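This report describes a structure with regard to its core, its helix packing and some residues of note. Please view the sequence and the model together while reading.

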Amino acid sequence: MTQHLPALVFLIPFFAAISLPLVAMRDERRAGSIALAALCAMSAAAIASLWTILDQGVVRYDFGGWAAPIGIEWVADEVAAIMAVAASLLALVCVFYAASLPTTAIEGRMIPFYAILLLLISGLAGVIYAGDLFNLFVFLEIVALSAYALVAVPGGRALVSAFRYLIMGALGASFYLLGVAYFYAATGTLNIVDLGQRIPQLLESKAVIVGLLFMFLGLGIKTALMPLHAWLPDAYSDAPDSVSPIIAALLTKVALLAWVRVLFWVVGAGGGSQPAVVFSLVWSLGALAAVGGAVLALSQTGLRRMFAYGGIAHIGLILVGVGQASHTGLAGGLFYLINDAVMQCVLFIWAGVLAHQYGVRTIEDLKNAQVRNPWILGSFLVVTIGMIGLPPTGGFFGKWYIVLAAVESQNYIALAAVVVTTLLTLAYFVRVLEKLYRGARDTGTSSSVAEPVMSLSFRVGIAVPTAAIIGLGLFSDRIVTILLAATSGLGL
Amino acid sequence: MINTPHDSVIVQSSGRFLIPLIQLFGLYVLFFGQYGPGGGFVGGVLLGASLIAGLLIFGPDGTSSETARRVLKIDGFGLIIFAGIGGLCLIGGGEFLNYSSFSIPGIDDSTRRHVGIIVAQIGVALDIAVAAVSIVYSLSDQGEDGSDA
């Protein structure tokens with residue numbers, strides 16, 4: 001039974017999504033609770049799957065009982081299992097938080113809304129587990145198509161942002177698919193394990209080089225790598241409050257995971273010095289994105305736009321880590337990827353709660369809002385510490401391994417990029433902190449403003465991922481050990 | 001686009017003749033998919049195309065348009081059939097869509113695969129047909145409930 005768990009992680013939200021129109025036909029308000037129940041079951045399956053994989057090793061799941069070269073294979077290794085747990089728990093928290101947001105925007109459309117949300121989440125599971133590059137493409141597209149629809153839900157400005165996101169996302173997907181086609185033409189297979197045996201010997205071939213460039217271009221758009229990021233801030237800040245956390249936390253991260261799969265499981269699988277130029281391309285693009293994203297974040301006035309640029313900067317940091325082509329860098333980058341997903345989730349839930357309870361959407365608004373709620377103030381302090389990268393948060397340990405990898409490979413430019421990004425992150429977060437706490441202090445003079453009562457789901461939505469930031473720091477050693485063991489088989 | 005019936009007699013009478021033919025061919029492709037090229041996707045496209053042709057030729061009040069509108073109500077039902085068959089295989093102890101574990105008691109292995117494939121393909125065909133019709137409705141200026149949007 002346990003070998004079916006990876007498939008169940010995908011099938012539970014998928015089945016819930018397609019049966020939602022029938023089950024919730026009488027009362028569309030039930031859709032939210034059905035989605036929550038499905039995500040609880042999905043998280044349980046993901047945790048059980050991680051448990052068995054750590055215990056019994058990698059699961060290769062052949063759909064329909066057909067083995068890999070003929071059939072469709074899912075590879076549930078430790079990396080995928082950890083990512084699936086992170087993704088499903090974050091999705092659960094985000095949907096739980098969304099439960100007490102006003103539903104006026106989706107009144108009468110709740111069934112399609114939740115069905116699409118569940119499809120997006122099942123697509124995330126598919127990207128994480130997919131064992132061949134074409135299925136990776138299919139699931140990336142399921143995720144992206146659902147995201148276009150969800151971003152457009154509020155109408156108005158969001159429609160324009162969603163359309164722009166659609167055009168850019170479709171371009172990215174086409175480039176990626178073109179790259180996959182080149183790989184298929186060069187090797188005759190799309191299975192990641194098979195490609196890992198053939199591509200490293202073909203790195204001189206022009207077809208493979210062109211395919212690799214197209215693939216990187218496509219995945220670069222999907223992960224919003226710095227010069228290709230233009231769609232992201234608008235899409236994230238115009239998305240409805242209920243879906244922006246899940247989109248911000250997971251969409252670019254799974255695309256980045258796909259990129260890491262191509263980099264290490266396909267291109268770098270053979271080891272040796274040949275892929276070195278690829279890796280130096282990756283880390284220099286990452287360094288550029290990290291510094292550039294942080295600089296742009298500094299110049300934003302909207303809270304969510306600032307957080308979105310912060311996310312772009314952190315994508316760059318992760319690429320700096322994995323681009324060092326060492327086990328430390330890869331494990332550190334993957335660990336930072338999980339951390340960044342959690343931190344983006346908190347930031348966008350936080351921004352959603354502020355917008356909903358205090359009407360705050362820009363940094364200037366914070367000064368007048370007089371936020372005194374300890375949940376909001378406390379969680380922001382923790383997430384600031386995490387984003388800057390101070391112990392005991394997960395952000396510190398993630399950055400630590402990235403810096404360690406840069407020092408090990410004597411790559412001082414990458415090191416400088418990480419340090420500069422950290423300082424810039426400090427700068428733009430202190431800007432918010434200062435406004436937030438000054439507003440809280442000023443309430444002494446005009447305490448007539450009643451503090452809005454916070455609903456349970458808001459408190460859980462803020463508190464659980466905030467606790468996870470610290471929890472990831474406390475258990476960082478264990479997680480990085482697992483990641484190191486999982487990637488030790490790669491010939492670096 | 002689909003608010004009024006097409007005014008040409010030629011189109012109307014050839015439509016009356018062609019639509020059942022397309023549907024018959026769609027069903028043939030769907031069931032032939034077990035032995036050769038074909039299957040749920042192509043069959044579903046043909047079935048959907050026949051319903052779309054009905055919409056274009058006879059307008060929203062024709063009988064085949066009535067079918068198309070009813071078909072829209074079961075959006076997602078085909079996928080439930082497909083995933084349900086896969087899930088039954090999972091419950092039977094095999095992988096998702098491993099028809100040899102398709103848990104119907106009293107039938108042998110080859111019949112299990114036969115039944116499993118054909119029912120899963122019918123699910124796919126239904127879903128594709130519904131998707132094709134709903135795309136036409138979304139692109140036209142008419143709402144899915146028959147009202148002008």
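How many residues has the largest nonpolar core, and which residues have the most contacts inside it? The core has 231 residues, and A:Leu90, A:Leu117, A:Val127 and A:Ile128 are those with the most contacts inside it. A nonpolar core is here a set of buried Ala, Val, Leu, Ile, Met, Phe, Trp, Tyr and Cys residues joined through C-beta atoms within 7 Å.

The model is predicted: local features need pLDDT of at least 70, side-chain atom pairs count only at pLDDT 80 or more, and totals for chains, interfaces and linings use all residues. Residues are numbered from 1 along each chain as its sequence is written, while chains are lettered from A and ligands numbered from 1 in the order in which they are written.

**Core and helix packing in chain A**

Helix α13 of chain A (residues 327–358) gives the core its largest share, 20 residues. Helices (H or I, at least four residues) and strands (E, at least two) are DSSP runs, numbered from the N terminus. A:Leu90 touches A:Ala249, A:Leu250, A:Ala341, A:Val342 and A:Cys345, when residues up to four places away in sequence are not counted. Two residues are in contact if their C-beta atoms, placed from the backbone, lie within 7 Å. In soluble globular proteins, nonpolar side chains tend to be buried together.

Two packed helices are described by the angle between their axes and the distance between the axes. The axes are lines fitted to C-alpha atoms, for helices over the stretch in contact, and the angles run from 0 to 180 degrees between N-to-C directions.

| Helix pair | Angle | Distance between axes |
|---|---|---|
| α2(A) (residues 30–56) and α3(A) (residues 78–98) | about 160 degrees | 9 Å |
| α13(A) and α18(A) (residues 456–474) | about 155 degrees | 9 Å |

Helix α2(A) and helix α3(A) pack at an angle of about 160 degrees, which makes α2(A) roughly antiparallel to α3(A). Angles under 35 degrees count as roughly parallel, over 145 as roughly antiparallel, 65 to 115 as roughly perpendicular and the rest as oblique. The crossing of α2(A) and α3(A) is left-handed; a crossing is left-handed if the near helix is turned anticlockwise from the far one by less than a right angle, and right-handed if clockwise. Among the residues that make the contact are A:Leu36, A:Leu39 and A:Ile47 of α2(A), together with A:Ile82, A:Val85 and A:Leu89 of α3(A). By class, the residues of this contact are 19 nonpolar, three polar and one charged. Ala, Val, Leu, Ile, Met, Phe, Trp, Tyr, Cys and Pro count as nonpolar, Asp, Glu, Lys and Arg as charged, and the others, Gly among them, as polar.

For α13(A) and α18(A), the angle of about 155 degrees makes the two helices roughly antiparallel. Helix α13(A) passes α18(A) in a left-handed crossing. The contact includes A:Val342, A:Cys345 and A:Trp350 of α13(A), and A:Phe458, A:Gly461 and A:Pro465 of α18(A). Its residues divide into 14 nonpolar, three polar and no charged.

A cis peptide bond, with omega about 5 degrees, joins A:Pro391 and A:Pro392. A:Pro392 lies in the loop between α15 (374–388) and α16 (394–408) of chain A.

A:Glu408 is in helix α16 of chain A and counts as partly exposed because it has 13 C-beta neighbours inside 10 Å. A residue is buried if 20 or more other C-beta atoms lie within 10 Å of its own, exposed if 12 or fewer, and partly exposed in between; C-beta atoms are placed from the backbone. Not counting residues up to four places away in sequence, A:Glu408 touches A:Ser326 and A:Thr328. A:Glu408 and A:Thr328 are 80 residues apart in sequence, yet their C-alpha atoms are 8.9 Å apart in space.

A:Ala325 has a phi near 55 degrees, a positive value in a residue other than glycine. This residue is in the loop between α12 (303–322) and α13 of chain A. A:Ala325 counts as buried because it has 23 C-beta neighbours inside 10 Å.

**Chain B**

Chain B has five helices and zero strands. Of its 149 residues, 36% count as buried. The C-alpha atoms of chain B fill a box of roughly 55 × 30 × 20 Å along the principal axes. B:Leu97, in the loop between α4 (77–91) and α5 (109–139) of chain B, has a positive phi near 70 degrees.

Where chain B meets chain A, 13 residues of chain B are in contact with 13 residues of chain A. The side of chain B that touches chain A has six nonpolar, five polar and two charged residues.
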